[in-house]
Amino acid sequence: MTKRLGWFLAGGLLVALLLAGVVSNFASGSPDGLDATAREGCTFSADGEITGGTCMLQQEQEHQTADSPLADYGIRGIDNPYLSTGLAGVLGVLVTFGIGGGVFWLLRRRTPEKV
Amino acid sequence: MDTQAMHIANGIVNGTVSAIFAAFAALALAFCVWRARADLDDRLAPMAGLVAAFIFAVQMLNFQVLPGVSGHLLGGTLAVVLVGPWVGALCVSTVLIIQCLLYADGGLTALGLNITNMAILGTAAGYLLVAGLLRVLPKTPSGLGATALIASVIGVVVASQGFVFEYWLGGTTQLSLPWVSGTMAGTHALIGIGEGLIAATTVATVARVRPDLVYALRRFRKPPAVVPAAPATVSGGTA
């Protein structure tokens, strides 16, 4: 890997870390397109419980990893929501870069060609 | 904090159909790994790691598209432009797997459905459009941005219809299919515009800073000007 590529990667990672660590706190809290479709047809109480109607969400089952300390993009045990979301985001970027980059690095073809 | 489910949760599509798509996704990813190896070199491999990390970050940034409805980037087209279709599908899959296992986003049973829609269908549609559009649009940062914008909108709508297809096969509720299809297409057309703007900004920026790192531009790059006689200086450092 050349030094120039290293700088580019470092810059890109910094942008990703800022987006996931800081900007993520300003993201919309509304359900996304799929989730909104899944809720359509049901009525909800103030605390989000389904009170009636028919919608996809009624059939939703518990997530297998719902107990994960990072579930729902927060870190369990950190009460400050900004810190919790931000750190969960930063961790996610690093883990994704580490695992993704690591797997791709192992998969790459090893030709002696100069980069 | 609001709990956010961003991908298909468990139980929305029945177990049999989920299992079929899990098998399909596994086969498709195996094929992508096989094809990706030809593309991955010392430069593309770390770049692909960055693209995956970037997609993870941007998927956290839900933007409002309608009152009470938000959306986030899926990332297929962005990945296709920067690292190519095979590696790109693997980038999006990496993100989905990490989100599912660590962040409880997108059911484990539904992982095959989510990978099929976002990593395979969305990416494939994005790739076909990018390949087609770059034949006619200028191979400049702005041309590449316009390509990413258009391909993103259509790629996201195609991905949303992947869900509709899966719901048609194994949905656990009895909702009108045209309604599901229309609602998904409508919201995802808007989400696609948001995704397109993010993808366009990103790829145009990379094309400006390091055009040599943009996979989609590789085919069009002129080979470095050949100096006929004198092989005197071997250019080293600069890529």
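This is a predicted model: local features need pLDDT of at least 70, side-chain atom pairs count only at pLDDT 80 or more; totals for chains, interfaces and linings use all residues.

Residues are numbered from 1 along each chain as its sequence is written, chains are lettered from A and ligands numbered from 1 in the order in which they are written, and side-chain values use heavy atoms, with hydrogens and water left out.

**The disulfide**

- A search of the whole structure finds 1 disulfide over all chains, the term meaning a pair of cysteine sulfur atoms within 2.5 Å.
- The bond joins A:C42 to A:C55, with an S to S distance of 2.1 Å.
- The link of A:C42 and A:C55 is left-handed, with -95 degrees about the S-S bond.
- A:C42 lies in strand β1 (residues 42–44) of chain A and A:C55 in the loop between β2 (50–53) and α3 (81–107), so the pair ties together parts that are 13 residues apart in sequence.
- Helices (H or I, at least four residues) and strands (E, at least two) are DSSP runs, numbered from the N terminus.

- A:C42 is buried, with a relative accessible area of 11%.
- A:C55 is also buried, at 0%.
- Buried means under 20% relative accessible area, exposed over 50%, and partly exposed in between (1.4 Å probe, protein chains only).

- B:C91 is in no disulfide, and the nearest cysteine sulfur, that of B:C32, is 11 Å away.
- B:C91 counts as buried at 0% relative accessibility.
- The sulfur of B:C100 is 18 Å from the closest cysteine sulfur, in B:C91, which is too far for a bond.
- B:C100 counts as buried at 1% relative accessibility.
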